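Subject: the structure I promised you

Hi,

Here is the structure I said I would pass on. Have a look at it first, then read my notes below.

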Amino acid sequence: MGMVQIAPSLLAADFSRLGEEVRRVAEGDLLHIDIMDGNFVPNLSMGPQVVAALRDQSPLPFDVHLMLRRPLRYIPIFREAGADIISFHIECEDDPEALLRAIEASGAKPGIALKPGTPAQALEPFGDRLATATVMTVEPGFGGQTLMRAPLEKIPWLKRRFPKLLVEVDGGVNRETAGKCIAAGADILVAGTAVFRAEDPRRAMEALRSAKRDGK
Ligand code: DX5
Ligand code: ZN
């Protein structure tokens, strides 16, 4: 089994100096970028212009997490802005088949995100076509929340059913909770607050990467 990958989440960065912030996390594996529409979730974050402006500031693949009620029309736009992975929520209102086709046609890798209360089995028809599945361990919309443990129980099923799928855990991942995510089988840890609000983001990412499996 490979080492867990770290995806710093830009939502927790200092928005007054995003370019610098992105350069501070260049030792991560992916840059996680949360896109919110004030509708699917009760918050707004950033749009494709911000993603495009950051593209040449970072060597990392851009992992774009769309928290949009109707993401379909934005797929080519975020691809054009520089997204490498595009994830939508299975709970959104567009047809998942149409969304997957649009992402595949764009050339990006497809992912699907699950809210904490959505069962893993919702991915049954799509898992073979996905690069990533994002298991949310907080209700989407805001950074800095506390990790819910119950959603981690979806991971073993996802890994067994779709062995090639990379599972991301998103929400409340920090030094204390990373070990539980790793023990549950996470491939990618998304971390906003724990990385960007740390004195030294690089060391914070190292701490997450080397967190001990915590099966308790
Ligand atoms: C929440 C976002 C997360 C968020 C995580 O809706 O999807 O990616 O940035 O933030 P932390 O790591 O602070 O919980
Ligand atoms: Zn996210």
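Predicted model: local features only at pLDDT ≥ 70, side-chain atom pairs only at ≥ 80, totals over all residues.

Residues are numbered from 1 along each chain as its sequence is written, chains are lettered from A and ligands numbered from 1 in the order in which they are written, and side-chain values use heavy atoms, with hydrogens and water left out.

**The sheet**

Find the open sheet of 8 strands, which pair in parallel in the order 1-8-7-6-5-4-3-2. Strands here are DSSP runs of E with at least two residues, and helices are runs of H or I with at least four, both numbered from the N terminus. Two strands pair if DSSP finds at least two bridges between them. Strand 1 (5–8) and strand 2 are at the edges with a single partner strand each, so one side of each has no neighbour in the sheet. On average, neighbouring strands are turned by 25 degrees against each other, direction ignored (axes are lines fitted to C-alpha atoms, for helices over the stretch in contact, and angles run from 0 to 180 degrees between N-to-C directions).

Now for some of the pairs:
- Strand 1 and strand 8 are parallel, with 4 bridges, and Gln5 sits opposite Ile188.
- Strand 7 and strand 8 are joined by 3 bridges, and Asp170 faces Val190 there.
- Strand 6 (residues 132–136) and strand 7 share 5 bridges, with Met136 partnered by Asp170.

**What is buried**

Buried means under 20% relative accessible area, exposed means over 50%, and partly exposed is in between (1.4 Å probe, protein chains only). In strand 7 (residues 166–170), 4 of the 5 residues are buried. Strand 8 is covered on both faces: Ile188 and Val190 are buried on one side, Leu189 and Ala191 on the other.

A nonpolar core is a set of buried Ala, Val, Leu, Ile, Met, Phe, Trp, Tyr and Cys residues joined through side-chain atoms within 4.5 Å. The largest one has 65 residues, and Leu10, Ile33 and Leu158 are among those with the most contacts inside it. Another core, of 5 residues, lies apart from it and includes Leu30 and Ile85.

Phe78 is worth a click too: you'll find this residue in helix 3 (residues 75–81). Phe78 counts as buried because its relative accessibility is 2%. Leaving aside neighbours within four places in sequence, its contacts (heavy atoms within 4.5 Å) include Ile35, Val64 and Leu66.

**The zinc site**

Which residues coordinate the zinc ion (ligand 2)? They are His32 (NE2), Asp34 (OD), His65 (ND1) and Asp170 (OD), at 2.1 to 2.3 Å. Asp34 in strand 2 (residues 31–36) and His65 in strand 3 (residues 62–67) are 31 residues apart, so to speak linking distant parts of the chain. Both Asp34 and His65 are buried.

Donors are N, O and S atoms within 2.8 Å of the metal (3.2 Å for Na, K and Ca), and water is not among the atoms, so sites may look incomplete.

Cheers
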